[in-house]
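Student: I have not seen this structure before. Could we go through it step by step?

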Amino acid sequence: MEEKRVPITLYAEMTPNPLTMKFVANKYLLINDQTVQFESIEEAKGYSPLAEALFAFPFVDAVFLAGNFVTITKTNNVDWDFIVMELREFIREWLAEGKEVLVMMPSPNAVKPVAEGEQPKAPRKQFAPSEFDEPIMMLLNEYVRPAVENDGGAIEYVGYEDGTVTVELKGSCAGCPSSTATLKGGIESLLKSNLEHVKEVVALSE
């Protein structure tokens, strides 16, 4: 008996970051506003079979999953013109065959596996709950998240301390040349104009 295939359409979309491409599907891959980023095959193992398979391509540097799209960061040594069709077809086939995209969400505070020869990253800073957490998240979700997702990325609120809001940039926003301008010119201005206690916005240093 033939396996039932799902009709999938998938298109590729450029992002403001020249190293990333957004692949948009006609179905949701993750629900409940979940987002997840993997920066190596070691990180993806046990969590995302799709990301793990994508890292088998030598030119894939990072994989970001959210909503109905996958954002792929490529290495510097190859142009999108040579790989975009291959990646689009691979992801479309994967979804059409009903294969698993994500089997488990990694814990935000989990220690990430390190490839041989690399230095382990410092543990992520823990922030105490603050009375400003909710208003900050509401502003980010209403005014920032839609635009950032449209560009193939995500912004996640990490914490507030002494007037400083820390966020994490993912997908096309991570390492994007224009992300600093967006962070300072857009997000910082938005939060400062609405919440007098906010003095600055910084991105989580990786």
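Student: Is the crossing in which α4 passes α5 left-handed or right-handed?

Tutor: This is a predicted model. The two helices to look at are α4, residues 133-150, and α5, residues 179-194. Where α4 passes α5, the crossing is right-handed.

Student: Why are α4 and α5 described as oblique to each other?

Tutor: Their axes lie 11 Å apart, and the helices pack at an angle of about 130 degrees. Angles over 145 count as roughly antiparallel and 65 to 115 as roughly perpendicular, with parallel set under 35 degrees, so what remains is oblique. The pair α4 and α5 is therefore oblique.

Student: How many nonpolar, polar and charged residues does the contact of α4 with α5 have?

Tutor: From α4 come I136, L139, L140, Y143 and V144, and they meet I187, L190, L191 and N194 of α5. By class, the contact of α4 with α5 has no charged residues, one polar and eight nonpolar.

Student: Which strands stand at the edges of the open sheet?

Tutor: The sheet has five strands with antiparallel pairing, in the order β1-β2-β5-β4-β3. A strand at the edge has a single partner, so one of its sides has no neighbour in the sheet. The edge strands are β1 (10-14) and β3 (35-38).

Student: Which residue of β2 stands opposite Y11?

Tutor: β1 and β2 (residues 20-25) run antiparallel and are joined by five bridges. In β2, the residue opposite Y11 is V24.

Student: At about what angle does α3 run to β2?

Tutor: Helix α3, residues 80-96, lies across β1, β2, β4 and β5. Its angle to β2 is about 30 degrees.

How values were computed:
Residues are numbered from 1 along each chain as its sequence is written. This is a predicted model: local features need pLDDT of at least 70, side-chain atom pairs count only at pLDDT 80 or more; totals for chains, interfaces and linings use all residues. Side-chain values use heavy atoms; hydrogens and water are left out. Axes are lines fitted to C-alpha atoms, for helices over the stretch in contact, and angles run from 0 to 180 degrees between N-to-C directions. Helices (H or I, at least four residues) and strands (E, at least two) are DSSP runs, numbered from the N terminus. A crossing is left-handed if the near helix is turned anticlockwise from the far one by less than a right angle, and right-handed if clockwise. Contact means heavy atoms within 4.5 Å. Ala, Val, Leu, Ile, Met, Phe, Trp, Tyr, Cys and Pro count as nonpolar, Asp, Glu, Lys and Arg as charged, and the others, Gly among them, as polar. Two strands pair if DSSP finds at least two bridges between them.
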